[in-house]
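Please keep the sequence and the structure in view while reading.

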Amino acid sequence: MIQIRGLIKQYGLNPVLRGVDLHVPAGEFVTLVGPNGAGKSTLMRIVATLLKPTAGEVKIGGWLMPQNSGRVRRHIGLVSHQTLLYGDLTAAENLQFFAKLYRLDNSDDRVAEALKRVGLAARQRDAVRTFSRGMMQRLTLARATLHEPDVLLLDEPYTGLDQDASALLDDLLRRESAKGRTILMITHDLVHGLNLCDRVAILSRGKIAQEVASGEVTGAEFLDIYAAQTGRKAGMTKANG
Ligand SMILES: Nc1ncnc2c1ncn2[C@@H]1O[C@H](COP(=O)(O)OP(=O)(O)OP(=O)(O)O)[C@@H](O)[C@H]1O
Ligand SMILES: [Mg+2]
């Protein structure tokens with residue numbers, strides 16, 4: 001579904017991605033990890049069609065980017081640092097707004113279903129500015145999946161969530177994955193990321209240094225692999241995020 005070959009991205013003279021090769025088959029859940037500044041968000045923004053690569057090939061669903069961005073964009077859902085939610089609107093109004101933006105049919109049903117799915121039906125008439133970080137994140141996920149995208153992209157969706165909110169998000173992501181969506185997620189919580197997904201890709205020094213299938217290694221083994229590939233102790237990274 002997502003095919004990346006020889007991807008290069010430079011910001012000015014600063015080479016961030018130096019030949020990234022990554023294939024995420026349809027329906028697979030891949031976690032992308034790597035040190036701060038490795039270029040994970042840059043890579044995700046290119047896949048999300050928000051940023052143009054310097055060189056290399058990115059295809060989504062067989063469509064070459066960025067030439068076919070317009071066609072592909074509506075099949076992508078993105079959860080990033082910006083929630084893209086409006087504080088003064090209610091939860092339902094926020095989703096209605098996006099339903100109009102995506103020109104979705106039967107938007108009332110879709111919005112009601114999405115609010116139920118993320119456990120916010122009871123709070124749908126409350127202004128989003130009164131929401132906790134966890135509720136906000138669930139609503140962001142509802143927004144990102146409202147149009148039933150084939151590809152779901154998540155940049156550190158766990159940042160700032162407590163244990164209960166994290167567990168809820170785990171559950172939501174497992175369900176999105178079970179629906180057959182192709183998921184690419186960035187996290188700094190290495191073992192959590194490993195356990196949640198099918199495969200972890202380690203981005204280091206501008207390339208995918210190694211890919212690890214989640215069933216093949218224990219958490220401890222993965223931390224050793226990560227340390228070897230990045231030259232950093234995994235314990236030095238944020239515990240959550
Ligand atoms: N718009 C930009 N202009 C110039 N340099 C940028 C820009 N965006 C990112 N960079 C640089 O590219 C590098 C990779 O940044 P990026 O945000 O992709 O890393 P990351 O792996 O997501 O890091 P983190 O774990 O801290 O989120 C960094 O050195 C950053 O300073
Ligand atoms: Mg980032």
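The structure is a predicted model, and the values given here are computed from it. Around ligand 1 there are 13 residues, of which Gly37, Lys40, Ser41, Thr42 and His188 come nearest. Elsewhere in the description, ring pairs join Tyr86, Phe97 and Phe98 into a cluster.

**Polar contacts of the ligand**

- An oxygen atom of ligand 1 lies 2.8 Å from a polar backbone atom of glycine 37, and an oxygen atom of the ligand is likewise found 2.9 Å from a polar backbone atom of glycine 39.
- With lysine 40 the contact involves the side chain, where an N or O atom is 2.7 Å from an oxygen atom of ligand 1.
- Taken on its own, ligand 1 has 640 Å² of accessible area, and the protein covers 59% of that area.

**Make-up of the ligand shell**

- Strand S2 (14–24) and helix H1 (40–47) are the elements that give two or more residues to the shell around ligand 1.
- Helix H1 supplies the largest share of this shell, namely three residues.
- By residue class, the shell around ligand 1 consists of seven polar, four nonpolar and two charged residues.

**Aromatic pairs**

- A pair of aromatic rings is described by the distance of the centres together with the angle of the planes.
- The count of aromatic pairs in the model comes to two.

**Exposure and a charge over a ring**

- Tyrosine 86 has a relative accessible area of 41% and is therefore classed as partly exposed, and phenylalanine 97, with a relative accessible area of 35%, is partly exposed as well.
- Phenylalanine 98 has a relative accessible area of 6%, so this residue counts as buried, the cut-off for that class being under 20%.
- The ring of phenylalanine 98 has the charged end of arginine 143 sitting over it, 5.4 Å from the ring centre.

Methods: Residues numbered from 1 in each chain as written. Chains lettered and ligands numbered in written order. Predicted model: local features only at pLDDT ≥ 70, side-chain atom pairs only at ≥ 80, totals over all residues. Heavy atoms only, no water. Near = heavy atom within 4 Å. Polar contact = N/O pair within 3.5 Å; in protein donor to acceptor, adjacent residues only side chain to side chain. Areas by Shrake-Rupley, 256 points an atom, 1.4 Å probe, with all protein chains shown as cover. Helix = DSSP H or I, 4+ residues; strand = E, 2+ residues; numbered from the N terminus. Nonpolar A, V, L, I, M, F, W, Y, C, P; charged D, E, K, R; others polar. Phe/Tyr/Trp six-rings, centres within 6.5 Å; stacked < 30°, edge-to-face > 60°. Buried < 20%, exposed > 50% of the residue type's maximum accessible area, 1.4 Å probe, protein only. Lys NZ or Arg CZ within 6 Å of the ring centre and 35° of its normal.
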